[in-house]
Amino acid sequence: MDFISTRGEAPALTFCDALLAGLARDGGLYLPREWPKMTKRDIRALRGKTYQEVAFAVLKPFVDGEIEDAALKAMIDGAYATFRHPAVAPLVQTGPNAFILELFHGTTLAFKDVAMQLLGRLMDHVLKARGERATIVGATSGDTGGAAIDAFAGLDNVDIFILFPKGKVSPVQQRQMTSSTAANVRAVAIEGNFDDCQDLVKAMFNHVSFRDSVKLSGVNSINWARIMAQVVYYFTAALALGGPDRKISFTVPTGNFGDIFAGYVAREMGLPIDKLVIATNDNDILARTLKTGRYEMRGVKATTSPSMDIQISSNFERLLFEACGRDAGEIRRQMASLKQSSAFDIGPETLKNIRKVFRAGRATEKDVAKTIRTTLAETGYLLDPHTACGVAVAAKFEKPQSPMVTLATAHPAKFPAAVKSASGIDPALPTWLADLMDREERFDVLAGELDVVEAFISAHSRARA
Ligand SMILES: Cc1ncc(COP(=O)(O)O)c(C=O)c1O
Ligand SMILES: N[C@@H](CCOP(=O)(O)O)C(=O)O
């Protein structure tokens with residue numbers, strides 16, 4: 001299996017090379033040349049297996065023998081041993097056909113841990129085997145950063161720099177990033193918003209001499225391996241609810257489109273998924289796009305679900321590539337238009353293909369607060385504001401006979417102010433994180449300018465060409 005770029009002008013790579021490359025050299029995103037397929041029989045054979053066993057079966061075709069089975073299994077086991085729930089990603093029923101898939105039982109209480117714990121192990125393994133080092137630069141609106149720092153802290157062959165928007169993440173998210181004492185970790189507050197941080201990261205990847213000089217690598221969902229690891233929980237959830245002999249729908253609180261794209265991948269692999277519902281907050285660019293066929297940026301609004309305060313939804317490019325029949329020229333034109341005029345149009349056939357599988361809805365700030373309050377009153381379940389976006393939107397798309405699973409992407413204790421204001425409950429951090437807010441902070445503040453950030457990274461990275 002090899003991996004190709006959505007923009008068609010970068011070399012195809014094997015799994016390990018795509019893992020270390022992050023963004024393709026033509027600015028595109030890697031995905032497999034073909035989707036590996038599982039029959040219903042193959043999927044049924046996974047019933048009763050552990051999360052780790054399902055993960056091995058789902059991930060093996062992508063890794064395609066580039067890492068020995070025993071090593072891959074050991075990395076999967078190590079990654080999910082860090083989770084505080086034996087099921088890794090348990091399902092909770094909140095209504096006759098409504099389920100919540102809890103993805104926040106990892107070390108930093110967000111769904112990012114699911115992929116990041118595995119990614120850290122995979123990268124460490126490949127770098128050590130090759131005797132290489134890497135400089136990882138990531139952008140975060142709050143959760144990716146903490147999860148990446150936790151997963152990569154202390155690794156010998158990696159330095160990690162996380163750019164977060166100054167003053168725009170929750171206090172818990174900030175402390176998770178800034179309290180690391182590991183020498184290979186740098187948390188950097190950028191004067192700007194998440195899109196500015198993400199633009200900087202992409203610009204560094206596109207600046208070839210810088211990219212090569214520090215051996216740049218990425219851990220955002222532009223990295224194919226992030227998406228791959230997230231495919232697994234669509235399988236475990238569907239299996240628990242009668243799949244593959246029953247179609248399941250999923251609603252996903254969405255920002256950068258990585259999590260929901262993983263659902264699309266599961267469907268392409270053969271998992272019978274009915275609909276994939278995109279849930280946005282007030283930053284509803286994706287909901288508008290599905291309605292109108294025009295992707296059009298507007299200013300970012302700060303909400304109580306800050307991790308979804310995004311305008312440039314990177315992985316939507318992967319979906320566009322799929323839906324337009326993998327026409328890389330079309331993607332290049334759309335991305336050039338986005339860069340030039342902050343908008344692009346989607347052709348009618350491509351839009352039709354997207355709408356076959358995807359639905360979208362927006363949860364306003366009022367909807368989010370109301371959903372936290374009413375879900376607690378009716379079911380006793382306390383939602384975080386991101387998951388509440390999902391639950392609010394899912395309610396509009398539920399069907400009588402078909403289970404609707406909403407992905408719970410963060411623990412409510414990461415966003416105590418919003419949760420308390422909506423429900424009156426001050427959600428406590430788990431005991432193993434109880435002292436988090438007393439830990440000392442260590443971070444740098446930089447202007448959101450490419451040369452400033454690159455100079456900082458060059459000065460502090462230990463990787464050299
Ligand atoms: C808590 C939470 N929910 C939802 C999202 C959106 O996920 P994605 O960017 O994969 O669409 C994020 C950030 O990515 C997040 O941190
Ligand atoms: N919401 C994310 C933004 C970055 O997303 P990623 O999945 O591409 O890493 C965050 O919490 O940082």
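Helix H7 (residues 171-178) is largely enclosed by the rest of the structure, because six of its eight residues are buried. A residue is called buried if 20 or more other C-beta atoms lie within 10 Å of its own, exposed if 12 or fewer, and partly exposed in between, with C-beta atoms placed from the backbone. The model is predicted: local features need pLDDT of at least 70, side-chain atom pairs count only at pLDDT 80 or more, and totals for chains, interfaces and linings use all residues. Residues are numbered from 1 along each chain as its sequence is written, while chains are lettered from A and ligands numbered from 1 in the order in which they are written.

The buried residues of H7 are Val172, Gln173, Gln174, Gln176, Met177 and Thr178. Their cover includes H6, E6 and E7, where contact requires C-beta atoms, placed from the backbone, within 7 Å. Helices (H or I, at least four residues) and strands (E, at least two) are DSSP runs, numbered from the N terminus.

E6 and E7 belong to an open sheet of five strands with parallel pairing, in the order E8-E5-E6-E7-E15. Two strands pair if DSSP finds at least two bridges between them. Strands E8 and E15 are the edges, each pairing on one side only. Six bridges join E6 to E7, and isoleucine 160 stands opposite valine 185 in E7. The elements discussed here span the following residues.

| Element | Residues |
|---|---|
| Strand E6 | 158-165 |
| Strand E7 | 185-191 |
| Strand E8 | 216-217 |
| Strand E15 | 444-447 |

Helix H6 lies across E5, E6 and E7, running at about 165° to E6; axes are lines fitted to C-alpha atoms, for helices over the stretch in contact, and angles run from 0 to 180 degrees between N-to-C directions.

H6 (residues 143-152) also gives the most to the shell around ligand 2, with three residues. Of the 13 residues around ligand 2, Thr140, Asp143, Thr144, Asn220 and Ser221 come nearest; a residue is near if its C-beta atom, placed from the backbone, lies within 6 Å.

Lysine 112 is in helix H5 (residues 112-130). An unreviewed UniProt entry places the feature "modified residue: N6-(pyridoxal phosphate)lysine" at Lys112; such annotations may be inferred rather than shown by experiment. Lysine 112 counts as buried, because it has 33 C-beta neighbours inside 10 Å. Not counting residues up to four places away in sequence, lysine 112 touches Asp143, Thr144 and Ala147.

Terms used: Two residues are in contact if their C-beta atoms, placed from the backbone, lie within 7 Å.
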